[in-house]
Amino acid sequence: MCNELIIKSLIEIISGFRKIVIVSHVNPDGDALGSSLALYYYIKKLGADPVVIIPNDYPSFYAWMPGIKDVIVYDKDTVRATRIMSEAELFCFLDFNVVSRTGLMHNDLCHFNKIPKILIDHHIGADSTQYVACYSKTDVSSTSEMVAEVIKYHGFDKYLDDNIATNILVGMITDTGSFSHSIFKNTFSICGEIISRTKVNYKEIHQNIYDNSTENRLRLLGFLINDRMTILNEYNTAYIYASKSDLEKFNYQIGDTEGVVNYPLSISNVKMSVFITEKQGCIRLSFRSKGDFSVNDLTRKHFDGGGHLNAAGGTLECSLEEAIEKLISILPEYKEELNK
Ligand SMILES: [Mn+2]
């Protein structure tokens with residue numbers, strides 16, 4: 001089905017329900033929140049009753065986003081979240097395509113498998129059979145841009161407002177690293193259209209996202225780059241690790257390590273960067289790459305993960321040391337490709 005037909009059917013389906021629950025992924029980022037909240041405001045304009053539920057809390061530097069105070073955080077408000085989900089007539093899954101990405105919500109969501117679901121997502125590998133409408137593509141900056149396309153199809157004149165515009169821009173800015181990567185053919189034009197049609201202040205949105213850190217966060221970044229980064233020139237690869245005690249020392253708050261993985265890519269020969277964090281009970285690995293080296297393929301094969309060509313993640317159930325060993329052990333397989 002072509003995009004226009006999918007968008008048309010999405011709008012028809014969404015318009016047919018009242019109690020709509022929007023769900024995004026664990027450790028929600030700017031795109032998860034931005035796309036969910038943009039869709040939330042749009043659905044409200046259609047006269048329905050949407051609720052956004054996220055698996056766990058968002059970083060405090062997103063606390064200014066329009067509508068975010070109405071978001072229900074599942075692991076803080078489980079009883080209420082479960083009640084709302086049990087009354088849902090439609091679920092909208094945004095910015096993920098494997099239900100396990102909803103973390104602790106996964107089990108609950110499995111109980112509601114008879115309730116229709118739609119998907120809007122830009123990651124590789126969506127299973128369209130699970131959804132009454134599935135809008136999945138990878139040649140787009142973000143899920144927020146896809147939500148913008150849906151609203152544009154229905155009519156920016158009627159439905160676009162400052163709240164929707166702000167949320168879409170947060171998703172597009174953060175998923176493109178301030179428009180430095182993941183740019184596709186409509187990215188700038190849709191962004192420009194949103195800015196010119198509304199009163200949003202782009203500079204202010206950018207500052208709210210990036211100039212809104214704590215001192216601890218910046219000092220943690222400095223420490224990780226100085227003391228925890230290793231460059232493996234033979235493989236044009238860099239990795240940074242953070243142990244639980246490293247994070248505790250800097251009074252780690254959720255979101256504080258967002259973006260750390262990107263810094264090693266600023267070294268000219270580094271083609272792949274990996275950030276390895278010790279989490280409760282598992283090791284989280286976040287991958288970034290330059291050019292056509294696919295960290296999506298690599299994480300799928302070795303780290304039970306996936307994502308995009310140049311940005312992907314995975315997990316391991318082992319110690320931090322073992323995770324680093326595992327990473328180093330698979331590099332010879334990619335040596336040639338990383339040295340191209
Ligand atoms: Mn995204």
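How many bridges join strand β4 to β5, and in which sense do the two strands run? This is a predicted model, and in it four bridges link β4, residues 90-94, to β5, with the two strands parallel. Within that pairing, Phe-93 sits opposite Leu-119 of β5.

Between these two strands there is a helix to mention. Helix α4, residues 105-111, forms a right-handed β-α-β unit together with β4 and β5.

Next, the other pairing of β5. Strand β6, residues 133-136, also pairs with β5, again in the parallel sense and over four bridges. Here Ile-118 is opposite Ala-133 of β6.

Now to β5 itself, residues 117-121. Is this strand mostly covered or mostly open? It is mostly covered, with five of its five residues buried. Taking the faces in turn, one side carries Lys-117, Leu-119 and Asp-121, the other carries Ile-118 and Ile-120, and all of these are buried.

The largest one has 65 residues, and the members that touch the most others in it are Ile-22 and Cys-92. Helix α2, residues 30-45, supplies the largest share of this core, nine residues.

What does Cys-92 touch, leaving aside residues up to four places away in sequence? The list is Ile-20, Ile-22, Leu-39, Ile-118 and Ile-120.

Last, a second core stands separate, with 28 residues; among them are Leu-220, Ala-238, Tyr-239 and Leu-298.

How values were computed. Residues numbered from 1 in each chain as written. Predicted model: local features only at pLDDT ≥ 70, side-chain atom pairs only at ≥ 80, totals over all residues. Buried ≥ 20, exposed ≤ 12 C-beta atoms within 10 Å, placed from the backbone. Pairing = 2+ DSSP bridges. Right-handed = clockwise from strand over helix to strand, strands pointing away. Core = buried A, V, L, I, M, F, W, Y, C linked by C-beta atoms within 7 Å. Contact = placed C-beta atoms within 7 Å.
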